[in-house]
Amino acid sequence: MSTYEGSFRVWRGDTGGGELTDFTVAVNDGEVVLDVIHRLQATQAPDLAVRWNCKAGKCGSCSAEINGRPRLLCMTRMSVFDPAEVITVTPLRAFPVVRDLVTDVSFNYTKAREVPAFVPPKGVAPGEYRMAQIDVERSQEFRKCIECFLCQDTCHVVRDHEENKAAFAGPRFLMRVAELDMHPLDAAGDEGLDRKRTAQDEHGLGYCNITKCCTEVCPEHIKITDNALIPLKERAVDRKYDPLVWLGSRIRRRDS
Ligand code: SF4
Ligand code: SF4
Ligand code: FES
């Protein structure tokens, strides 16, 4: 096994402020950034705060920024970096820091609660629901979400604009609205809930200008913009008034 001494700059601090601190840490073949952070804790910085759980890319806990890009610490292989490179590890920028690499992501839980749940169809018992396979597969993609909130962190609407947070649910939760709006059995309309209208008026769909940055950072490779946000825009907004709808469908056609 080969080992080298890697150079790292890790943000240390708390709600009162902080700074990047330089460390040199051994890196072994096959390791991910989280392995190195754990070695740093074990050998030089026992009080370094980092959130993690599964180390398998499934719990969504270890989200941070590596060289300024939102990523999972446990799924970022050290082999993608040059051994001579200084690797910077910082907390998610869009959310308030608790300590070191741990941020307070409660913004996301607030937004989750603001999306009304699936409304079961009347007169159909659980177990008797029937859907076309294409509808199952469409929502299956969105169900892969591990709630890492990397998409929420990278979206420029809130990344440096705290003032937009109240009116914007972010890509993860607009995707949830889209999923429910596409669901053939969702009976929200029967209850007077127009999900297309609330997407615009309450969840801030109009703030999204389909840059696809959220899609680029999603570790589950969910096509958030193409398969959730643009279709939701297409259904929610009159084409006449939203040139982005037209542009979005052009981009999708070109990609496919
Ligand atoms: S596509 Fe929309 S939601 Fe995704 S990062 Fe861009 S503006 Fe944000
Ligand atoms: S959509 Fe992707 S990036 Fe966003 S929270 Fe879910 S898994 Fe993470
Ligand atoms: S530790 Fe669970 S996703 Fe990284």
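Me: Where is D181 found, and why does D181 count as buried or exposed?
Reply: D181 is found in helix α6. Helices are DSSP runs of H or I with at least four residues, strands are runs of E with at least two, and both are numbered from the N terminus. D181 has 20 C-beta neighbours inside 10 Å. A residue is buried with 20 or more other C-beta atoms within 10 Å of its own, exposed with 12 or fewer and partly exposed in between, the C-beta atoms being placed from the backbone. D181 therefore counts as buried. The model is predicted: local features need pLDDT of at least 70, side-chain atom pairs count only at pLDDT 80 or more, and totals for chains, interfaces and linings use all residues. Residues are numbered from 1 along each chain as its sequence is written, while chains are lettered from A and ligands numbered from 1 in the order in which they are written.

Me: What makes up the packing of α6 with α9, and at what angle do the helices pack?
Reply: From α6 (residues 171–182) to α9 (residues 224–236) the axes are 9 Å apart, at an angle of about 60°. Axes are lines fitted to C-alpha atoms over the stretch in contact, and angles run from 0 to 180 degrees between N-to-C directions. P171, L174, M175, V177, A178, E179 and D181 in α6 meet I224, A228, L229, P231, L232 and R235 in α9. By class, this contact has ten nonpolar, no polar and three charged residues.

Me: Which residues are around ligand 1?
Reply: They are C155, V157, P171, C208, N209, I210, T211, K212, C213, C214, T225 and L229. A residue is near a molecule if its C-beta atom, placed from the backbone, lies within 6 Å of it. The elements giving two or more residues to this shell are α8 (213–217) and α9. The shell divides into eight nonpolar, three polar and one charged residues.

Me: How many residues surround ligand 2, and what are their classes?
Reply: Ligand 2 is surrounded by 14 residues, of which the closest are C145, C148, L150, C151 and C218. Eleven residues of this shell are nonpolar, none are polar and three are charged.

Me: How is the chain divided into domains?
Reply: The chain has domain 1 (3–103) and domain 2 (106–255), with bounds from an automatic or database domain assignment. Their centres, taken over C-alpha atoms, are 30 Å apart. Each domain gives 13 residues to the contact. On the domain 1 side, strand β4 (residues 69–72) gives the most, with three residues.

Methods
Ala, Val, Leu, Ile, Met, Phe, Trp, Tyr, Cys and Pro count as nonpolar, Asp, Glu, Lys and Arg as charged, and the others, Gly among them, as polar. Two residues are in contact if their C-beta atoms, placed from the backbone, lie within 7 Å.
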